[in-house]
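Morning, everyone. Please bring up the structure on your screens. I will keep this short.

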Amino acid sequence: MKTVTAVLLGAGSRGRYIYGPYAEKHPDELKIVAVAEPNEERRQRIAEIHGIAPEYVYRSWEQAFEKGRIADVMIISTLDRLHYVPAMKALELGYHILLEKPMSPVAEECIRIEQAALAHRRVLTVSHVLRYSPFWSGIKRCIEAGEVGTIATIQHSEYVGYRHMTHSYVRGNWRNSDESSPMVLAKSCHDLDIISWLMDEPCVSVSSYGSLLHFREEHAPAGSSARCTDGCQVERSCPFSALKLYNQPPEHPWARYITHDLSPEGIMTALKEGPFGRCVYRCDNNVVDHQIVNMEFANGANANFTLSAFAEQEVRSVRIMGTKGEIIGNMEDGTYTLKRFATGERVEFHCGVAGDGHGGGDERMVADFLHLVREHQEEAVSSALTSATASLQSHLIAFASEESRLQGGMPVKLADMINRVAAEARV
């Protein structure tokens, strides 16, 4: 088996905790030979773990292109607005690409990435990892086997959870759509992708409602301060306290994303000096904390997606209603039930959920990507499970959803939006 060599752009959460560990666990499959990361601590950590030569340790993604193509693949796990240009340059140089979702916060750029991948005949896998999880792939097999007949309706919900919401979308990197992406794209293109994949029909129209309901300055309680560490008088009773969220020894599930020094002193320093100690009511966030998306598909079927920050646990749940049966499932439990109308049978399915935060999908996605790269069959360029072609529809649904939301829920025809984007691209 050929070991695939990789350049890693971005050594943050995904780069450090998903792609790096995969290379450590499977050194015969993947070797990281170069890294580009502006944060010195993260950059040096990846370099040390993977034995990367100093001349291939870069402070910026631009430097990673100065020597031309230096590996088989490029893993792009930079921030959302730093996906498009590196992806296009990498394709021109002949890299195969593992690209973090979303492909880009700009619809035109998503379309151009897909076109470039096809034109250069390179494998480009978008990290829509849920498709690879045993839970969702099992449900897909049931549908393909005809167990529910023709799907009429899908109801799908993602309960982001208040911890994840405040960490990533109020205080963190994805808090402001001007700097990253709208919430429905940054977080929920996973969910729109799953709905699109299960339905297996073109989406023709979208309407959406949602807002930033709660995490706004006018809702700050009396006695609160700019930071949780500034002697806030209501910190102890606040459910969104940074001191509560980031001081959770011994695992420190959230603190590991804000500092490498997990001592009490290290965490306190990060909260006092960095963005994660800020009061959730006094940040520069503008993305929604709840949203509903309604979808109509070409065959007349429909789907509804609900996103909400206001849940204690992070949970994805689904109900698929068809002409012959229905499927009800909970991803975090790893269980789904098939109900057959004709016989009254109930069949329970139990899937493993260990391994990562995506029901085991991350490792399977990386393994599949590496297999496609080693084989590099022509059809894999467009027909891979999460190719740019496969992933494009969910991105377009997300763009249409945000457009509809900003217009008070006015329906948006995807064909009209695509034509408008294409026309703007020609100007």
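First, the ground rules. This is a predicted model, so local features need pLDDT of at least 70 and side-chain atom pairs count only at pLDDT 80 or more, while totals for chains, interfaces and linings use all residues. Residues are numbered from 1 along each chain as its sequence is written, and side-chain values use heavy atoms, with hydrogens and water left out.

Now the domains. The UniProt record, an unreviewed entry, lists "domain: Gfo/Idh/MocA-like oxidoreductase N-terminal" at residues 6–128. That span is 39% helix and 20% strand, and its end C-alpha atoms lie 20 Å apart. Helices here are DSSP runs of H or I with at least four residues, strands are runs of E with at least two, and both are numbered from the N terminus. UniProt, again as an unreviewed entry, also gives "domain: Gfo/Idh/MocA-like oxidoreductase C-terminal" at residues 140–342. Residues 140–342 are 22% helix and 26% strand, with end C-alpha atoms 20 Å apart. A caution on such records: the positions use the numbering used here, feature names are shortened, and annotations may be inferred rather than shown by experiment.

Next, salt bridges. What counts as one? A side-chain nitrogen of Lys or Arg within 4 Å of a carboxyl oxygen of Asp or Glu. How many does the structure hold? The count is 20.

Take Asp193 and Arg131. They form a salt bridge, with the closest N and O atoms 2.8 Å apart. Asp193 sits in helix α8 (residues 189–199), and Arg131 in the loop between β6 (124–126) and α5 (134–144), so this pair links distant parts of the chain, 62 residues apart. Are they buried or exposed? Asp193 counts as buried because its relative accessibility is 2%. Arg131 is buried too, at 6%. Buried means under 20% relative accessible area, exposed means over 50%, and partly exposed is in between, with a 1.4 Å probe and protein chains only.

Second pair. The side chains of Glu147 and Arg340 meet at 2.8 Å, N to O, in a salt bridge. Glu147 lies in the loop between α5 and β7 (151–159) and Arg340 in strand β13 (residues 335–340), so the bridge ties together parts 193 residues apart in sequence. Glu147 is partly exposed at 22%. Arg340 is partly exposed at 24%.

Third pair. Asp191 and Arg316 meet in a salt bridge at 2.6 Å, N to O. Asp191 is in helix α8 and Arg316 in strand β11 (residues 315–322), so parts 125 residues apart in sequence are tied together. Both Asp191 and Arg316 are buried. Salt bridges with shared partners join Glu158, Lys187, Asp191 and Arg316 into one network.

On to the backbone. Most residues other than glycine have a negative phi, and most peptide bonds are trans. Now look at the exceptions. The peptide bond from Lys101 to Pro102 is cis, with omega near -10 degrees. Pro102 is in the loop between β5 (96–99) and α4 (107–120). The bond from Pro249 to Pro250 is also cis, with omega near 0 degrees. Find Pro250 in the loop between α9 and α10.

Which loop holds His252? The one between α9 and α10. His252 is not a glycine, yet its phi is positive, about 50 degrees. His252 is buried, with a relative accessible area of 8%. Asp200 is not a glycine either, and has a positive phi of about 55 degrees. Asp200 lies in the loop between α8 and β8 (203–211). Asp200 is exposed, at 59%.

Last, the surface. Glu40, Glu41, Asp261 and Glu265 gather in a patch of negative charge there. A patch takes residues with over 30% relative accessible area and no salt bridge, and joins like charges within 9 Å. Asp261 is in the loop between α9 (242–246) and α10 (264–273). Asp261 counts as partly exposed because its relative accessibility is 40%.

Met268 is in helix α10, and is partly exposed at 29%. Tyr19 is in helix α1 (residues 13–25), and counts as buried at 1%.

That is my tour. Over to you.

Note on methods
Patches are made of residues with over 30% relative accessible area and no salt bridge: like charges are joined within 9 Å, nonpolar side chains (Val, Leu, Ile, Met, Phe, Trp, Tyr) within 5 Å. Accessible areas come from the Shrake-Rupley method with a 1.4 Å probe; for residues, only the protein chains shown count as cover. Lys and Arg count as positive and Asp and Glu as negative; His and the chain ends are not counted. The place of a charge is taken as NZ of Lys, CZ of Arg, CG of Asp or CD of Glu.
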